[in-house]
Amino acid sequence: MYGATTTMVLLFALVSVTAVITSGGSASSSSLRFHYIYPGNFTTVAASSRSSSSPRRDGRPSLELLHRDAVTGTTYPSQRHALVALVARDGARAEYLQRRLSPTYLPTSEVGSEVVSGISEGSGEYFVRVGVGSPPREQYLVVDSGSDVIWVQCRPCAQCYAQADPLFDPATSTSFATVPCDSGVCRTLPGGSFGCDAGDSCRYEVSYGDGSYTEGVLAMETLTFGDSTPVQGVAIGCGHRNHGLFIGAAGLLGLGWGPMSLVGQLGGAAGGAFSYCLASLGPDANTGSLVLGRSDAMPVGAVWVPLLRNAQAPSFYYVGLTGLGVGGERLPLDSDLFGLAEDGGGGVVMDTGTAVTRLPPDAYAALRDAFTDAVGGGLPRAPGVSLFDTCYDLSGYASVRVPTVALYFGRDEGTALTLPARNLLVSMDGDGVYCLAFAASASGLSILGNIQQQGIQVTVDTASGNVGFGPTTC
């Protein structure tokens, strides 16, 4: 599905945060074997309250991706409390994805089609600021790469939850126009989640896995992204009955792989592409960014791997992961561990709403054991914390050498993405305990979570069906 000073989970500071990407090299190894990290060099990360976009030279904005705590003003008594909250959200999100993307999944909603979203599972981790209507009224929206529907809460509201901004009032927008019930746009809503009201306007109904939902009318509206030219004629849901754990957002910005998502609706205007960079947490952290459009979002020098489409869940972005590497050596794993089956089971889904990457149990065990073997007995172990079972007590260490972890795409002369060191371990308590930021999946589904994506520019090109990693970092 998605800030006293805000304390968030802290990652290692390191010499270099650049992801190492190799293509067409040896299938058994990658060039970088170890990182040096500095456990004592970290600070508390404060919530950002900066402006929501940065103008670009071609007029297209780079929207700031804000962490949820920057919007809600959530504070934590300690870093451990922040971690507990993150793990709780993360577990709920991962559990729902495993259920939603199972071959045996059946929608249970009586309201409409069940569309997965980080916000309903408490995992709406990233927000953007978008202007809705004419003149634009700025609203915080959760970015959801697994959903196709764009919606905001609207006046008059029969049932609404608390949000950070005033409710959007369509009566004040000169560009708001309801969609007729018999229109093609209405019929494009996913899963048949539409109907007609007494005035023959198109009604939409979307429910989420925990009983949260939004209901209202579908309308064509103008959206403004930062200082760019307003985008007219975007189909959005105007929700008059909304319920759930939506953590202060006005609604949702769907970026899924479907016709009703923002990328799907922009079509040629965006070139079917968008790019995001989730800011790495730590002393040098910057704000993340979301860029729409091919000219801005297609980085020169990125390494591209194919996206895979799950016919049972076509809105989600899957990647063809085939292996893992530790310390420069590819692990002897069967690539079928990560395969997407014909019935929609398994596979590797990219998700910004899940923090910790989940791997099939056999793959995770191999990664964990290889990592601990490469670290050796020189570093003192610490007890596991929650879902993290591989932890070290690094208090008192000025620097520590740890092995690299690489993701392999392709079976033979494939592509390897060596993760930055700060994407491997998380600080548990601020007292020197750090844990490997991977976990075993409860099913055959793998989830590439946001900790492993942070600091790497990720470009999704729905037109060509590829995803690019790098070359820049944030």
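Which residues of β5 are buried on one side, and which on the other?

What you see is a predicted model, where local features need pLDDT of at least 70 and side-chain atom pairs count only at pLDDT 80 or more, while totals for chains, interfaces and linings use all residues. Residues are numbered from 1 along each chain as its sequence is written, and side-chain values use heavy atoms, with hydrogens and water left out.

Okay, β5. Buried means under 20% relative accessible area, exposed is over 50%, and partly exposed is in between, using a 1.4 Å probe and protein chains only. Strand β5 covers residues 62-67, and six of its six residues are buried. On one side you have Ser 62, Glu 64 and Leu 66; on the other, Leu 63, Leu 65 and His 67.

β5 runs antiparallel to β17, residues 288-292, with four bridges joining them. Glu 64 has Ser 289 as its bridge partner in β17. β5 is also antiparallel to β7, residues 126-132, through two bridges, and there His 67 stands opposite Tyr 126.

Next, the cores. In soluble globular proteins, nonpolar side chains tend to be buried together. A nonpolar core, for us, is a set of buried Ala, Val, Leu, Ile, Met, Phe, Trp, Tyr and Cys residues joined through side-chain atoms within 4.5 Å. The largest one has 73 residues, and Leu 262, Leu 290 and Leu 324 have the most contacts inside it. Helix α6, residues 361-375, gives the largest share of this core, six residues. There's a second, separate core of 16 residues, including Leu 83, Ala 355, Phe 388 and Val 433.

Zoom in on Leu 324. Contact means heavy atoms within 4.5 Å. Leaving aside neighbours within four places in sequence, Leu 324 touches, among others, Leu 331, Phe 338, Leu 359, Ala 363, Leu 367 and Tyr 408.

Last topic: disulfides. We count a pair of cysteine sulfur atoms within 2.5 Å, and a search of the whole structure finds four. I'll go through some of them.

Cys 154 and Cys 238 have their sulfurs 2.0 Å apart. The S-S torsion is about -130°, so this disulfide is left-handed. Cys 154 sits in the loop between β9 (151-153) and β10 (177-178), and Cys 238 is in strand β14 (residues 231-243), so the pair ties together parts 84 residues apart in sequence. Cys 154 is buried at 0% relative accessibility, and Cys 238 is buried at 0% as well.

For Cys 157 and Cys 160, the sulfur atoms are 1.5 Å apart. The torsion is about 95°, so that one is right-handed. Cys 157 is partly exposed at 28%, and Cys 160 is partly exposed at 29%.

Then Cys 391 and Cys 435, with S to S at 1.9 Å, right-handed with 105° about the bond. Cys 391 lies in β25 (residues 391-393) and Cys 435 in β30 (residues 433-436), so they tie together parts 44 residues apart in sequence. Both cysteines, Cys 391 and Cys 435, are buried.

Technical notes
Two strands pair if DSSP finds at least two bridges between them.
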